[in-house]
Amino acid sequence: MITLKVNGRDHQVDAEPDTPLLYVLRDDLALNAAKFGCGLGQCGACTVIVDGKAVLACVTPMVLLEGKQVTTLEGLGTTADPAPIQRAFLDEQAAQCGYCIAGMMMRAQALLMRNSSPDDDEIRSELEPHLCRCGTHMRILRAVRRAAGLMNRADLSTESGAIR
Amino acid sequence: MNTLVLDRRRVLAGSGALVVSFSLGHAFAQDQAAPAPSPPGSLKTSPYLDSWIRIDADGSITVFTGKVELGQGFKTAFQQVAAEELDVAFASLKVVTADTALTANEGYTAGSHSMQDSGTAIQNAAAQARELLVAEAARRFDLPADRLRTENGQVLAPDGRRAGYGELVAGDVLHVQAQATSRLKDPATFKVMGQSVPRVDISAKVTGGAAYVQDMRLPGMIHARVVRPPSYGAELVNCDSSAVEKMPGVVSVVRDGNFLAVVTEKEYQSVKAMRALSAVAKWQETARLPDQDDLFKVITGLSSQDNVIFERNDPSVVGQNTIEATYVRPYQSHGSIGPSCAVAQLDGDTMTVWTHTQGVYPDRQAIAEMLHMPPAKVRCIHVEGSGCYGHNGADDAAADAALIARALPGRPVRVQWMREQEHAWEPFGPAMVTRLKASLDREGKIADWTFEVWSNTHSMRPGGAGCMLAAQHMAQPFKVPAPKPLPLPEGGGDRNAIPIYSFPNAHVVHHFIADMPLRISAMRALGAYHNVFSIESFMDELATAAGADPVEFRLKHLDDPRGRDVIAKAAQEFGWRGDQKAAPGRGFGFAFARYKNLAAYCAIACEVEVNRETGRARLVRAVAAVDSGQVVNPDGLTNQIEGAIVQSMSWTLYESVSFDQRRITSIDWQTYPILRFSAVPDDIAVHIINRPGQPFLGSGETGQGPAAASVANAIANATGKRLRNLPLTRKRIKDAIDA
Amino acid sequence: MTRSGVIIGVLAALVVGGAAFVFAVVWQPAIATIDPSQQTFANDLVKRGRALAAIGNCSNCHTARGAKDFAGGVAVPTPFGTVFSSNITPDADTGLGRWSEAAFRRAMRDGIDREGRHLYPTFPYDHFTHVSDEDDRALYAYLMTREPVRAAAPANRLSFPFDRRPLIAGWKLLFFRNETYRPDSSKSAEWNRGAYLVEGLAHCGACHTPRNALGAERASAAFSGGDVDNWQAYAINARSPSPVPWDADALFAYLRDGWHPDHGTARGPMAQVVANLSSVDPEDVRAIATYMAGVFGQPAGDRRHDAKTVLAEVKPMADRASEANRAGASIYAAACASCHESGRALPYGGVNLALSTAISGPDPRNLANIVLSGISPREGERSPIMPGFASSMNDDQVVALLAYLRARFSDQSAWTGVDRVVADARRTQVATLGTVAASRQPPADSAQRDKP
């Protein structure tokens, strides 16, 4: 049994230490946002935040997560009360099939937590590990810029731990 | 003209199915022996209104479509259409997508037919349903129907009386066949159609709600992974799975001939067991794949059925200046971000399969055939997957799940393909060769035009169990059916091979190749991607030979007024000028096509930057104009066109399936790279020419060909070198510059 | 004359003579400017210059990440401060636009710019001095036909007295020999070509040879290893730490393709070098490989000879290593083995770590760098991708992993100070990824080298 702290709550998980976090999130904890895109660390669809940094959950085995805090998209907000990043992606309708979007949003969230006003080059560079096959890139970039605007206007704290 | 097209007494007499024969009577009244005009869109094949619209006594409304949500926003668009014609609030409807137990059979969600077929059916069914409800209200209020109006799900009388749709519904009021024409709302009064209503599915997708077949979790569900052969036709000669069966969580190892899979309780156990099983599986490989470095020779060397598909002759027009060009497209991959997945459960004698197939009915037929079950005992329910862009591994995953579920009756089985499997086994977009020749007359107009295209079929979709890998690999295998060309006017390899331009002399030949050295099927735009790429590149080559501006040159040969409008719009919004000259290292390109010569029109102007040191090409900005007829959701349409441009750019600059003499070698994102953010353009602008009241025109694929040619033309403009072999890679561009 | 008078006189003469001598050495005349628009160059010459520039790896130092080609501005850290590379585009005001060919040749030959100032030996003219006049002419033709970019390099950040250029003259007196490569008639033409390139334009020793306290290469320790941007440039002579010894064929394949199944994939600054060499005439790469094979020499008797032997010898060490480093062992099994023991061929499968020089090398810097940053994809081209673990592993976890890898996959003694190395690596990766083009350019697949 391993204890895993996800979205602020402790979970007891029956998983081997070599199980990638992605499978624990989806299979054991029934969380949908982080997706299986490749399992090889090549596409970014599985991205979540661990201790404030974006990681690829498909190549992050449980053995690395002791004592760390995992945040998934579900932990940022809900339909009724969306976080700025979710609000921004909704407003920009930044999705076609939407499969890559959760990973993009978590990477963007981690970026905005460390750099509240990234320029276009910085956003593109940050999202380089992420693939989108539908070609929604333009909207994704707009959504990240929009989220930055929302976060700055609300003047929210970006200390690590204060995710929103 | 009697607008109430139904005999209400007969219709409303009570329960039981009633058939209104008005359509026939109408025909007789016209004193014609002609057949009754059929209702529009998919109402042709599913004429009962309640196949499309269901209104419950509590007033809740369900819209049924035989099409599926692929991420194009159709669920939302259909909801808009129905809401508009029924005169109800957008949020008061629910859309149910393809399910063999619930919805009409609309074949595949493919070919950009959804708005034309399903959208049209829903629009008309909703309009006619509304008429029926008004008629019922008129009967109850004892008022003429034209004194009543509808608003927000109610019928209102001038004296204030009102009746909700739920109250008006009685028995099988909607179980009537649709009429050939409907009284549709005047587009000028649209409240919901034509608006950029936010999509109904995005909310769940940005908050971690269950949205995909990959998110399904049924009680008692178990996980499976298939061990696929290492190459086409490989035989499993030995597999001692005894050690694998003892691994943690393993429920079963399923083997049926060359079909091999392992099933476990938890998902990651399945991955580990699959690796272990793969290590003990011994295959005999016999595949012989062709030379990937000379696809021109490979493709044109295969035997073909040659058909002249267009011929026009005017011997009075003779050209002098003749040019020729050959264009080659490699095999390309759908590259769906989420590898295919399906869930299946055999409950008693019924098999249910949840799948992201594009066609639940054909898939059902194929799975039933594979399992020797009556089709009525197989239910296929569409659940969204990631974007498929055509026939990817979805149907195969469905077959895998069904085959495994049969071995484990009662338990829901979830099959998830691995990334490598999706890349190696999906049916690719076929390699193609085109050869063009044309002459210019003294005035610089095209005098004659010859176009030849060599291609496989572009569809090996099920119907037919033999189209699915599991069925091909079973001990008693099903044979792959003989490929057939897709008939014109839509076509497959010859899609958009017939030019939309008017040439006095034209000769178009389709060399249909039956032999499929690599597994192929439909990929977004089918043959139109390469055919439009070829035609529009060649138009530029001719324009250069004629010393003409590319936009002017096209207009000189195009009669279609909507095509002309779209070209003018794109050029104007781009700032295209005949005397323009791009900054050093940059070039401008233009291209245009009408998808299938009968669907949506799209013109694209773009600016590309080429680094002369490295040969790296980058799309800087693109401006598109599109005419889709009546627009339902402008934002959805814009999203599709933007996506088509970006995706096509990736195909065009980077993508080719790689293989050695035996195996597919492009099996992940290292070996099949696609566009990343560093190459995303600065700006894409999409300008929609809305045609209110006009039929819907399919738009999901209209951007692929023009985007490719536009980029190729811009590269030629920037470097002075014309590239004709796809993909236009950095190395090819650099070699062309250096030459 | 009194004795003191004589002494004073001699001293005065010495001082004056010394000053004159120093003046003669330090002061160099300016070379007249030219009008850039007057020059045209034959296509062939420019092409040759392009190939030579690739061998010289000019773009690596003279192109900042994301900036225009050859516009300079790359920060090169030295023990004396930071030197910024100059703009070598033909811009008239900020680049080489007004330099004559003679001025260019003097810079390459003697380390003196057009105006007569001494150049810091960060620009490795101690190697480029070997370049022939013909090759200088081709390089000049190539550079002068590039796109001019207006960009002044930032001022160097050197502490006193190193910011005084005249001091360089003294350095040159001590350490710099202005000479052209002389062929060795006892060796083959290919070997000589290799020697000419390696000692000259390719300037391998600039990274791979240790330097003395004043920053000059130690000739007696040629190719015995050096440092670059917090990467270790391994010894590429008899002291090479690689588990499988290098031979000419392996070197040729590695330099041309960027990877070799017995050694791994080129990373760090070497990635850019092999990317450049991939565009060069294979005969020249073959020549470099031949010469360097001679420098490596025949492996000593007790060194393991081929990959199979290495892999066989490493197997028994696994259990012992896992016992001693449980945390590292489980991290390796969970995070690394799925790619590094998949059996998938390089460059798309991870190299079996028993063959990795990073693990057998003298210090853990390169390994730490790779584990933290992984390998990024090359735009639009088939290329290896390795995830970086900087965000998912903390320092303790990286340290445990590195210690385990060392114990499991090499027969060398344990590293010390690994925690400091990991902390430094984390810090530097963040800093250098912003300016160095190197780590973003992994080599494309060799099988695809000549294919689209």
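Predicted model: local features only at pLDDT ≥ 70, side-chain atom pairs only at ≥ 80, totals over all residues.
A salt bridge joins Arg139(A) to Glu642(B), with 3.2 Å between the closest N and O atoms.

## Elements on the chain A side

Four helices of chain A each give two or more residues to the side that touches chain B: H1 (21-28), H2 (84-91), H3 (101-114) and H5 (137-154). The largest share comes from H5(A), which supplies six residues. Arg139(A), the partner of Glu642(B) in the salt bridge described above, falls within the range 137-154 given for H5 of chain A.

By residue class, the side of chain A that touches chain B consists of 26 nonpolar, 15 polar and twelve charged residues.

## Extent of the interface

In terms of residues in contact, 53 from chain A meet 64 from chain B. The area buried between chain A and chain B is about 5000 Å². Carbon and sulfur atoms account for 53% of that buried area.

## Domains of chain C

Chain C is split into two domains: domain 1 covers residues 21-175, and domain 2 covers residues 308-435. Taken over C-alpha atoms, the centres of domain 1 and domain 2 of chain C are 38 Å apart.

Terms used:
Residues numbered from 1 in each chain as written. Chains lettered and ligands numbered in written order. Heavy atoms only, no water. Domains from an automatic or database assignment. Contact = heavy atoms within 4.5 Å. Buried area = accessible area lost by both parts, 1.4 Å probe. Salt bridge = Lys/Arg side-chain N within 4 Å of Asp/Glu carboxyl O. Nonpolar A, V, L, I, M, F, W, Y, C, P; charged D, E, K, R; others polar.
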